[in-house]
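Keep the structure open while you read. The text below walks through it step by step.

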Amino acid sequence: MSDVDTAGGVRRVRSVLQAASGGISRTKLLLVPLLLFDLLVFVAPMGYLLRISLAERSVGGGALQRGTWSLDGYQYLSDSSVVTTVFTWTMLFAVVATLLAVGIGTLYAYAAWRASGATRTVLLAGVVMSMFTTLVVKVFAARVMLSPEGVVNDTLLAAGVLDSSLLLVNNEIGVLIGQLYVVLPYTVLAVYSVLTGLDESLVEAANDLGATPVRAVREVVLPHAVPGMAVGGVIAFAWSAGAFAAPLLLGSTSERTVAVEVQNLLSQFNYPAAAALAVVLTTVVLVVLTLGIVLLRRRGGLRDV
Amino acid sequence: MCGVRTVVELDGVRVEYGELVAVRDLSLSVRDGELFCLLGPSGCGKTTTLRTIAGFESPDTGQVVLDGRTVTSLAPYARDCATVFQDWALFPNKTVIENVAFGQKMAGVGKAKRRDQARDHLDTVEMGDYEDTRPAELSGGQKQRIALARALAVDPDVLLLDEPLSNLDKRLRETMQLEIKDIQERLNTPMVYVTHDQEEAFTLADRIGVMNNGRLMQVGDPETVYDDPVDEFVESFLGNSNFLSGRVVGSGADRRDTARRAVTVEFPGVGAQIQIATESGLTPGDDLTASVRPEILELSPSPGETPTSPDGGTQEGTAERRADVEPDTTNRMALTGAVSDVVYRGSSIRYQVDIDTGEGAELSVERSVTRAPDLSTGDRVELSWDTAAVYYFGPDGARVRV
């Protein structure tokens, strides 16, 4: 009885929905909540940020003058040589970190894929567990490890590999290691997830037809891994371009990233300039990623995506 | 040594996976130009044997020799053989022609040359029109052809095929079998073909190796293996024979041949007792299995309700007389029973006959539709056969020759 009622009710609701949507198909209707969510968490804040970047800076107290329009924020950015240097350094840092993350992450994911049983579990667990802690704790742990009196230097000195300690913090090496520590798990998992879809018999077939293990990787595994490497690269680049914790805790004043500079501007109550810098960074990241994806697709690497 | 070159030689190969022994002490040799079928049920070690030849498995003991070269410890890419995989394993991100040219690319052949060669091989498998197609757009049969062309393109010493047709439907499978046979005869490439399908093995093979439980049970050309099985397993796997289990109840010296012994065997399932003369030392109490193939069975409607001896043959003195058993001087065994099931199978009809002993013994007979007797379920029938055409297997499964 109740089944019949429910079925009838569902049919009624469906017909009402169909009537309401007019020509729009039900599938498209299902996208509405997603679009609303997007609007709320991405479009609205970014729009607000854009608006702030176009406001006038307040002269007496307060961060900005509401309701005013001005390009002062952007003017400030182009006038300040500090901002230009920071921006260049950030982009360079993001590119290097991305290349390293994708390279190391792919190797690691391939090793995990080839491994079996316990080895595979340990390799993957290591990656996943490092994601359980917060960014700051992770980066701080890196600092403890890398500092002149840290574990790494102590071990190397004790083993006689080094005569004096290496400077691994408060410089670009420290920032890079810290940032890799943050983004590597994501690239590893992105590549590993596509590798699980690779039929191992393809590698065997390549070996069987005369491909050495290295050639088999190049001919069969890498083409298959490209979509995962692209996704991992996108995550690594976006995250590294906006790096904050690693440069702050492991770098010095010369390893200042855009995010650190935004924070710096905010502390000077220069909201329009801070917002303008954030808008420029977001735009550049989006443009770089779009270009990257277009290039990959033209090359045919992303056919399956 | 004697004219025919051996291209694959396995010598005492044993492959273990932890506790499990997949292949035990297997030796075989494949001759140049022949199509050798490894036939056996799933899990019998035939695929492992093939993978050992290809180099994907390394044997725990024994040697693999390819074309006179010991390759036991060589990696797959260093061996001159090519495999056609069960799931074809075509490279999805490469076009058909790139797939076929892959082996030559690895061998360092220039692009134009290897493409020309690949085109020839595509023509061999009649896939010339699909050069730039991707594997995902091909049907199963087409993928099969590409996989074959790709393996042939490296001009291997031996081509290894691992149940290549098992993912195809029956009709396509039969067409492809003939094509593979045709290509094999044309190119004269030696092939090792793994299958679990005895019909496929009989269609294709020059020689068959029957495997069970990691062992090679028998090797021979199809006729020999079928007509002269050495083992109960081979007999049961190759045909749809009727097996009757019996027990030796008496033995004595044969009056005519002193090397043999006359053995009396009782088959309780059909209520029959027979005498056979054999050189094997069967003693009373031993189990003996008789295989009665459907093709030697005569099936006719029963002449009357009471079983009669058609030619009034004399009884053997030792054979205990039973109501419906008629072993006579011409060594024919006759049983009566009732048809329990008639199965229509298109070109043939299969009859299941319940033997009148109450022991539940059932024999099956298959007849082509054109010469099938008009029988239906419940009809009384007489089954008879020549006892000399029956195969006997001893307690250890080995053939007992009579």
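What follows goes from the chains and domains to single residues. The model is predicted.

Start with chain A. It holds 14 helices and two strands. Of its 305 residues, 33% count as buried. Now take the contacts in chain A with a separation of 6 or more. Residues 24 or more positions apart account for 70% of them.

Turn to chain B. Seven residues of domain 1 and eight residues of domain 2 make the contact. On the domain 1 side, three of the residues are nonpolar, one is polar and three are charged.

Next comes the contact between the chains. Here 16 residues of chain B touch 15 residues of chain A. Two elements of chain B, β6 and α2 (96-106), each give two or more residues to the chain B side. The largest share, three residues, is from α2(B).

How is α2(B) placed in the structure? Ten of its eleven residues are buried, so α2(B) is largely enclosed by the rest of the structure. The cut-off for a buried residue is 20 or more other C-beta atoms within 10 Å of its own. Among the buried residues of α2(B) are Val96(B), Ile97(B), Val100(B) and Phe102(B). Asn99(B), Gln104(B) and Lys105(B) are also buried. What do the buried residues of α2(B) pack against? Within chain B, the partners are β6, α3 (111-124) and α4 (140-152). From chain A comes α11 (213-241). After α2(B) comes Gly108(B), with a positive phi near 85 degrees.

Now strand β6(B), residues 81-84. In a regular strand the side chains alternate between the two faces of the sheet. In β6(B), Cys81(B) and Thr83(B) lie on one side, and Ala82(B) and Val84(B) on the other. All four are buried, which leaves both faces of β6(B) covered. The strand pairs with β7(B), residues 158-162, in the parallel sense, over four bridges. Within that pairing, Ala82(B) has Leu159(B) as its bridge partner.

Further along chain B is an open sheet of five strands. The order is β15-β19-β16-β17-β18, and the pairing is antiparallel. β15 (298-301) and β18 (362-368) are the edge strands of this chain B sheet, each pairing on one side only. From one strand to the next, the twist averages 40 degrees. Seven bridges join β17(B), residues 348-355, to β18(B). Gln352(B) stands opposite Ser364(B) in β18(B).

Finish with two backbone angles. Most residues other than glycine have a negative phi, and most peptide bonds are trans. Asp67(B) has a positive phi of about 50 degrees, although it is not a glycine. Asp67(B) sits in the loop between β4 (61-66) and β5 (69-70) of chain B. Asp155(B) also has a positive phi, near 50 degrees. Its place is the loop between α4 and β7 of chain B.

Notes: Residues numbered from 1 in each chain as written. Chains lettered and ligands numbered in written order. Predicted model: local features only at pLDDT ≥ 70, side-chain atom pairs only at ≥ 80, totals over all residues. Contact = placed C-beta atoms within 7 Å. Nonpolar A, V, L, I, M, F, W, Y, C, P; charged D, E, K, R; others polar. Buried ≥ 20, exposed ≤ 12 C-beta atoms within 10 Å, placed from the backbone. Pairing = 2+ DSSP bridges. Axes fitted to C-alpha atoms, helices over the stretch in contact; angles between N-to-C directions.
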